[in-house]
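Biologist: I am new to this structure and would like a close look at a single part of it. Could you take me through the surroundings of the ligand, step by step?

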Amino acid sequence: MTDAAATSPPSRRTWSPRLVSLVFVTVVVAVLPLVFPSNYYLRVASLVWTSGLAVVGLNLLMGLAGQVSLGHAAFLGIGAYAVAIGPTHLGVPPIPSALAGIALSALVAWIVGKPIFRLKGYYLAVATLGFGLLLALVLTSESAWTGGPDGMPVERVELFGWRVTGALTWYWITGVALIIGVALALNLEASPTGRALRALHDSEVAASVVGVDAARLKLTAFVVAAVYAATSGALLALMNGFVTPDTASFMHSVEFVTMVVIGGMGSVVGALVGAAILVALPQALTVLQEYETAVLGLLIMVFMIFLRQGIVPGLIGLFRGMRR
Amino acid sequence: MTATRTSNAAALEVDGVGISFGGIRALDGVSFRAHPGEVFSIIGPNGAGKTTLFNIVSGLYRPTSGRVRIAGQEATGLAPARLARRGLSRTFQNLQIFFRMTAVENVMVGRHMAEKTGFFADLLALPSVGRQNRATRAAALALLDRVGLADLADQPAGALPYGALKRLEIARALATEPKVLLLDEPAAGCNAVETEEIDQLIHAVAEGGVAVVLVEHDMKLVMKISSRILVLVQGKPLVVGTPAEVRADPRVIEAYLGSHGETEAARADR
Ligand SMILES: Nc1ncnc2c1ncn2[C@@H]1O[C@H](COP(=O)(O)OP(=O)(O)OP(=O)(O)O)[C@@H](O)[C@H]1O
Ligand SMILES: [Mg+2]
């Protein structure tokens with residue numbers, strides 16, 4: 001990924017792949033409203049940006065650190081329900097509620113991850129799966145606080161007396177949040193921390209004998225991914241004006257993993273492509289709605305068979321292969 | 001025979017180390033000391049337990065008996081990353097390369113402990129991160145130059161030939177500025193010229209005050225470069241001594257010319 005930057009050492013700052021990715025995402029976000037014929041498209045794109053934010057975070061965990069979270073929607077749920085419950089039950093305004101939800105999400109990730117990363121293997125996947133199911137159960141059963149299976153409404157955000165509504169407004173809020181999330185993720189990738197994470201994904205043994213504390217770094221990546229997810233969840237709830245336990249469901253978690261995998265692990269742009277496909281496809285082909293789960297499963301299989309590295313890295317690889 | 005040296009603090013001290021895998025005693029009662037500036041070699045037929053010994057010393061396996069000390073301090077069973085902080089690094093017989101990174105990035109990871117930026121600086125790409133990346137890269141390039149891989153710095157590691165990867169591992173281990181360096185068959189798969197380069201490199205590293213512990217099947221290299229040699233056979237120490245002593249020892253000749261002589265000779269020829 002960084003070969004291009006490395007071959008031109010003196011002018012690294014000019015057009016590194018990091019900058020290319022960031023400019024690409026920014027341009028896409030900025031240009032789309034000009035070509036969209038209706039608000040409907042803005043709404044779908046906003047959903048892609050919020051999901052994309054969560055997927056970019058999850059990609060730091062899966063693509064960089066090589067760890068899988070099967071309960072990632074739970075962190076989305078924490079962020080989403082924080083902005084629902086805070087104003088309704090506790091009288092805390094939406095934005096402080098969102099920040100509290102994000103902080104809580106980080107804390108929970110730390111508590112869940114701390115003992116897990118000492119162990120090797122698939123413990124994180126199992127532990128996050130369990131945690132995700134537990135949280136979904138609590139959200140469904142504690143109806144007095146959460147509205148139960150039907151969910152609950154979320155108060156509109158007001159900033160200095162201005163009600164934040166409208167498809168275009170939310171398009172820009174989610175788009176800018178995504179761009180910031182992408183920029184931070186790209187920063188991390190290109191930093192000493194990112195380098196160490198990529199290294200332990202390739203060989204944990206080799207990384208550890210040069211002093212990389214694998215457990216601590218994986219925990220860091222997990223907490224960061226949880227913060228991305230909670231931010232995404234809070235934005236989603238504020239934008240939609242309601243939350244349901246589906247936000248935190250196991251299926252939603254699987255969708256996120258699928259987005260990372262089909263887009264291409266370790267590629268920020270790939271994560272966005274994965275999010276775009278999985279959010280936009282069911283919207284575009286509404287006939288599929290009933291079969292969404294089946295189509296999701298089929299997609300995973302097809303991509304795992306034909307583009308094992310995911311769409312973006314896979315296509316780059318295919319392209320290189322054809323030129324040989 | 002090494003009585004004069006045992007009074008100094010050894011860089012690495014292995015004392016009666018043993019390990020069992022499912023009832024099979026893979027190592028038993030192995031002891032040695034490696035001092036700063038020396039090349040201490042461990043030889044023995046295939047399956048003797050040389051790599052297993054390295055795995056114990058570097059914290060990947062916990063010994064069922066015995067102790068390991070680094071610079072006189074207890075280090076038995078510490079995690080590899082902790083041992084790295086104590087100044088121990090190693091290479092691997094069955095390459096452990098960061099295959100999706102470039103050659104120079106592989107060595108840059110070796111500078112991890114020397115890197116000073118914190119997580120939030122990294123996240124925000126503060127100017128200190130750019131400076132750190134450039135400093136790390138410069139140090140890594142210098143090390144690649146030292147092992148003769150400067151031209152391949154920006155190649156993906158996955159595309160490098162075997163001999164180059166062996167040297168890449170040495171550069172990455174050196175990047176940690178170790179006091180004890182374990183090299184597991186660094187010359188395997190290398191041609192005569194490359195072996196000669198590795199010989200000089202190991203010599204220079206030891207000159208710099210590092211205790212080098214070498215496992216190698218190339219007897220010419222071992223006899224030439226080592227100050228002392230430990231011979232392991234089926235997990236048990238057979239002899240410790242200078243190259244001349246080891247070469248002349250009838251037990252060593254028997255161990256090698258016995259069942260394993262043929263394969264050893266074949267490997268040395270390659
Ligand atoms: N994790 C393990 N589990 C079970 N047995 C093991 C394990 N690691 C090593 N062994 C066994 O210990 C013995 C010593 O193996 P080791 O790899 O240390 O030999 P070696 O001296 O390095 O050989 P070579 O010269 O072929 O590299 C072998 O019989 C091997 O099968
Ligand atoms: Mg071995």
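Modeller: What follows is a walk around ligand 1, from the residues beside it to the contacts they make. Please keep in mind that this is a predicted model, and that each value below is computed from it.

The shell around ligand 1 holds 13 residues, and the closest of them are B:Gly47, B:Lys50, B:Thr51, B:Thr52 and B:Gln93. If one asks which element gives the most to this shell, it is helix α1 of chain B, covering residues 50-57, which supplies three residues.

For B:His217, a polar side-chain atom is found 2.9 Å from an oxygen atom of ligand 1, while for B:Asn46 a polar side-chain atom lies 3.0 Å from an oxygen atom of the ligand. With B:Tyr61 the ligand takes part through a nitrogen atom, which is 3.0 Å from an N or O atom in the side chain of that residue. As for how much of the ligand is covered, ligand 1 taken alone exposes 640 Å², and the protein buries 61% of that area.

Terms used
Residues are numbered from 1 along each chain as its sequence is written. Chains are lettered from A and ligands numbered from 1 in the order in which they are written. This is a predicted model: local features need pLDDT of at least 70, side-chain atom pairs count only at pLDDT 80 or more; totals for chains, interfaces and linings use all residues. Side-chain values use heavy atoms; hydrogens and water are left out. A residue is near a molecule or strand if one of its heavy atoms lies within 4 Å of it. A polar contact is a pair of N or O atoms within 3.5 Å; within protein, one must be able to donate a hydrogen and the other to accept it, and residues adjacent in sequence count only if both atoms are side-chain atoms. Accessible areas come from the Shrake-Rupley method with a 1.4 Å probe; for residues, only the protein chains shown count as cover. Helices (H or I, at least four residues) and strands (E, at least two) are DSSP runs, numbered from the N terminus.
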